[in-house]
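Here is a short report on one protein model. Keep the sequence and the 3D view open while reading.

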Amino acid sequence: SQSRYEFDFDEEPSIVPKKVYKKEMFELQVELLKLQEWLKKTGKTVIIVFEGRDSAGKGSTIKKFTENLNPRYYNVVALGIPSPEDKKDWWGRYKKEIRPGMINFFDRSWYNRGIVEPVMGYSSVEEYQEFMANVGPFEQKLKSSGVPLFKLWFSITKETQQKRVDIRQKSPLKYRKYSPSDAKSQEKWEDYTQYKKTAMLKTKEVSPWYLIDTNDKRVGILNALRVVLTNTAYRDWE
């Protein structure tokens, strides 16, 4: 019988053939290197927020962003459970992680307080209200300091999420990523949707959201790279 280790759990059906995907990925990653060079020469800072439901593809997309970048000029932030001190200074917790002169990738961000925590019951009503009152001013300060802020929302269907969660449980390389919250995310699908919509409506005027459909992973990853490259002024610099 076929060994379970022979399956490639990263392969999903896609409208983009592998050969085309690799060619487009190569071209986009070359442009990312040019963007990074722009940061090195100008001292500019870029922030990219990756948000979305569990298994939407945030981590795998960050890997493609960073695959060929110089590690001295990018910073991946994936914070764990906040301590009591962190909870008291929510904005400071994230602000101190931003590295000047780098591309800062937030694998989930301050929006944990506005979406994940209230859905899962990890934060109080007061903490949520404080977040909603201050997220706009926080992002406005970042933008006013000249920092490009990209907020990417990775969108999948409930059916796609269930398939990917099932794969996590079966894969010898991905089972560690499975947690009880994966099951809860299916149970609380509608709650998640409501908090997501509320957060987006509250903050879209200060800093727009880019919706990335990742039901087709290849398409989603390519589009995420295009969003950042198209909306950054690195090409104007010489």
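## Helices α6 and α9

Helix α6 (residues 125–144) packs against helix α9 (residues 189–203) at an angle of about 35°, and their axes are 9 Å apart. The crossing of α6 past α9 is right-handed. The model is predicted.

Which residues make the contact? From α6 come Y128, M132, V135 and E139. From α9 come Y195, T198, A199, K202 and T203. Sorted by class, this contact has 5 nonpolar, 2 polar and 2 charged residues.

## Overall make-up

The protein has 10 helices and 5 strands. Of its 238 residues, 47% are buried. Take the contacts between residues at least 6 apart in sequence: 80% of them join residues at least 24 apart.

## The sheet

The 5 strands form an open sheet. Their order is β2-β3-β1-β4-β5, and the pairing is parallel. The edge strands are β2 (74–77) and β5 (209–213), and each of these pairs on one side only. From one strand to the next, the twist averages 20°.

## Strand β1 and its partners

Strand β1 covers residues 46–52, and strand β4 covers residues 149–155. The two run parallel and are joined by 6 bridges. I47 has L149 in β4 as its bridge partner. E51 has W153 in β4 as its bridge partner.

Strand β3 (residues 103–107) also pairs with β1. That pairing is parallel too, over 5 bridges. Here V49 stands opposite F106 in β3.

How many residues of β1 are buried? The count is 7 of the 7, so β1 is largely enclosed by the rest of the structure. Both of its faces are covered. One side carries V46, I48, F50 and G52, and the other carries I47, V49 and E51. The charged-class residue E51 is thus listed among the buried ones.

Along β2 the side chains alternate. N75 and V77 point to one face and are buried.

β2 pairs with β3 in the parallel sense, over 4 bridges.

## Helices α1 and α10

Two packed helices are described by the angle between their axes and the distance between the axes. For helix α1 (residues 18–42) and helix α10 (residues 217–230), the angle is about 25° and the axes are 10 Å apart. That makes α1 roughly parallel to α10, because the cut-off for this label is an angle under 35 degrees. The crossing of α1 and α10 is left-handed.

What does each helix bring to the contact? α1 supplies K18, Y21, E24, M25, L28, Q29, E31, L32 and L35. α10 supplies R218, I221, L222, L225, R226, V228 and L229. By class, the contact has 10 nonpolar, 1 polar and 5 charged residues.

## Residue K217

K217 lies in helix α10. Set aside its neighbours within four places in sequence, and K217 is in contact with E12, S60 and R164. S60 is 157 residues away from K217 along the chain. Their C-alpha atoms are separated by 9.0 Å.

## Residue P100

Where is P100? It sits in the loop between α4 (90–95) and β3. Is P100 buried or exposed? Its relative accessibility is 67%, so P100 counts as exposed; the cut-off for that label is over 50%.

P100 and L39 are 61 residues apart in sequence. In space, they are 9.3 Å apart, C-alpha to C-alpha.

How values were computed: Residues are numbered from 1 along each chain as its sequence is written. This is a predicted model: local features need pLDDT of at least 70, side-chain atom pairs count only at pLDDT 80 or more; totals for chains, interfaces and linings use all residues. Side-chain values use heavy atoms; hydrogens and water are left out. Two strands pair if DSSP finds at least two bridges between them. Axes are lines fitted to C-alpha atoms, for helices over the stretch in contact, and angles run from 0 to 180 degrees between N-to-C directions. Angles under 35 degrees count as roughly parallel, over 145 as roughly antiparallel, 65 to 115 as roughly perpendicular and the rest as oblique. A crossing is left-handed if the near helix is turned anticlockwise from the far one by less than a right angle, and right-handed if clockwise. Contact means heavy atoms within 4.5 Å. Buried means under 20% relative accessible area, exposed over 50%, partly exposed in between (1.4 Å probe, protein chains only).
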